[in-house]
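Please walk through this protein model step by step. Keep the structure in view while you read.

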Amino acid sequence: MATRSKRAQAEKPADKPPEKPRYHHGDLRQALVDAAVELITEEGFSALTLREVARRAGVTHAAPYRHFADKEALLEAVSQQGFRAMAHEMRERMARVSGPLEQLSAAGVAYVLFAVRHPPHFRVMFGPHFTRPPKPDAAEEGANAFTLLVNCIEAGQAAGLLRAGESRRLTLTAWSLVHGLASLFVDRQLEEAVQGVEAAEALAVVQTRLLMEGLMRPEPGGNSDSR
C-alpha cells in the first residue's frame with residue numbers, strides 16, 4: 001500500500017507555473033502603455049524597450065508589435081494619453097469658477113499640477129523623443145490644452161479685461177509661464193518640488209495671478225502699448 005501510494009504521488013502531475021495575465025481584446029494596448037509609464041518612472045527613458053515593456057505587462061516579447069510598430073509609436077500613445085488627461089484636468093478645474101480671468105488662472109494651475117502629478121507623461125509629451133511628425137489625433141490632443149488657454153484669453157479680451165491684440169500672442173505668454181513653472185517642478189529645481197502637491201498648487205496660484213496682472217488691460221491714461 002505504501003509503495004502504491006508513493007507511486008501514485010510520483011505519477012501525479014507537477015503543479016503548473018502560474019500563467020501570465022491574459023488580456024482581452026482592447027486591454028493589451030493599455031496594459032503596454034501603463035507598463036511603459038511605470039518603467040519610465042522607475043528606471044528612466046534609457047531602460048525603455050518593447051521587450052522590457054512586454055515583460056512587465058506579462059506578455060510575450062512579440063505581443064507589443066500587435067499595437068506598436070516600434071518604441072516611438074508606444075511613446076506616442078503615452079503622449080496622447082497625457083494630453084487627454086491634461087485637458088480633462090484643466091476643464092475640470094475651470095468648471096469650478098466663473099469669469100474669464102478666473103478660468104484662465106484655473107487652467108494654468110491645472111496645467112502645472114498635471115505635470116507635478118504625472119512627470120513621466122509630461123516628459124514624454126514635451127521631450128525630444130519623436131523623429132517623425134505625430135499622427136493627426138496626437139496633434140489634435142496636443143492642441144486641446146492650448147485651445148483652452150486661447151479661449152480664456154479671447155473671452156477676457158471680449159470682456160475688456162485683457163489687453164487687445166492677437167490672442168495667440170497673449171496665449172503664448174501665458175503658456176510660456178505655466179509650462180516653464182511646470183518644467184521647473186518636474187526637474188525638481190524648486191524648493192516646493194519636494195514639499196508636495198499643496199505647495200506646488202500654492203506657488204502656481206501666486207504665479208498665475210502675477211501673470212493675470214501682466215495680461216490685464218491697462219487703465220486709461222496708462223501704458224496701453226499692446227504690441
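Helices α2 and α4 are roughly perpendicular to each other, a label for angles of 65 to 115 degrees (under 35 is roughly parallel, over 145 roughly antiparallel, and the rest oblique). Helix α2 covers residues 27-43 and helix α4 covers residues 71-94; their axes come within 10 Å and cross at roughly 90°. Axes here are lines fitted to C-alpha atoms, for helices over the stretch in contact, and angles run from 0 to 180 degrees between N-to-C directions. From α2, the contact uses Arg29, Gln30, Leu32, Val33, Asp34, Ala36, Val37 and Ile40, and from α4 it uses Leu74, Leu75, Ala77, Val78 and Gln81. Contact means heavy atoms within 4.5 Å. By class, nine of these residues are nonpolar, two are polar and two are charged. Nonpolar covers Ala, Val, Leu, Ile, Met, Phe, Trp, Tyr, Cys and Pro; charged covers Asp, Glu, Lys and Arg; the others, Gly among them, are polar.

This is a predicted model: local features need pLDDT of at least 70, side-chain atom pairs count only at pLDDT 80 or more, and totals for chains, interfaces and linings use all residues. Residues are numbered from 1 along each chain as its sequence is written, and side-chain values use heavy atoms, with hydrogens and water left out.

Now take in the whole chain. It has nine helices and zero strands. Helices (H or I, at least four residues) and strands (E, at least two) are DSSP runs, numbered from the N terminus. Of the 227 residues in the protein chain, 39% are buried. Buried means under 20% relative accessible area, exposed means over 50%, and partly exposed lies in between (1.4 Å probe, protein chains only). Among contacts with a separation of 6 or more, 68% join residues 24 or more positions apart.

Go back to α2. Its axis and that of helix α6 (residues 119-126) come within 9 Å and cross at roughly 100°. These two helices are therefore also roughly perpendicular to each other. Val37, Ile40 and Thr41 of α2 make the contact with Pro120, His121 and Val124 of α6. Four of the residues are nonpolar, two are polar and none is charged.

How do α6 and α8 cross? Their axes come within 11 Å, at roughly 125°. That makes α6 oblique to α8. Pro119, Phe122, Arg123 and Phe126 in α6 meet Trp175, His179, Ala182, Ser183 and Val186 in α8. Here the classes are six nonpolar, two polar and one charged.

Next, look inside. Nonpolar side chains tend to be buried together in soluble globular proteins. In this model, the largest nonpolar core has 38 residues. A nonpolar core is a set of buried Ala, Val, Leu, Ile, Met, Phe, Trp, Tyr and Cys residues joined through side-chain atoms within 4.5 Å. Those with the most contacts inside the core are Met86, Met90, Leu104, Tyr111, Phe122, Phe185 and Leu215. The largest share, 11 residues, comes from α5. Tyr111 touches Met86, Met90, Phe122, Phe126, Trp175, Val178, His179 and Ala182, not counting residues up to four places away in sequence. Another core, of 22 residues, lies apart from the largest one and includes Ala36, Val37, Leu75 and Val124.

Finish with Gln157, in helix α7. Is Gln157 buried or exposed? Gln157 is buried, with a relative accessible area of 18%. Leaving aside neighbours within four places in sequence, Gln157 is in contact with Leu162, Arg163, Ala164, Gly165, Ser167 and Leu170.
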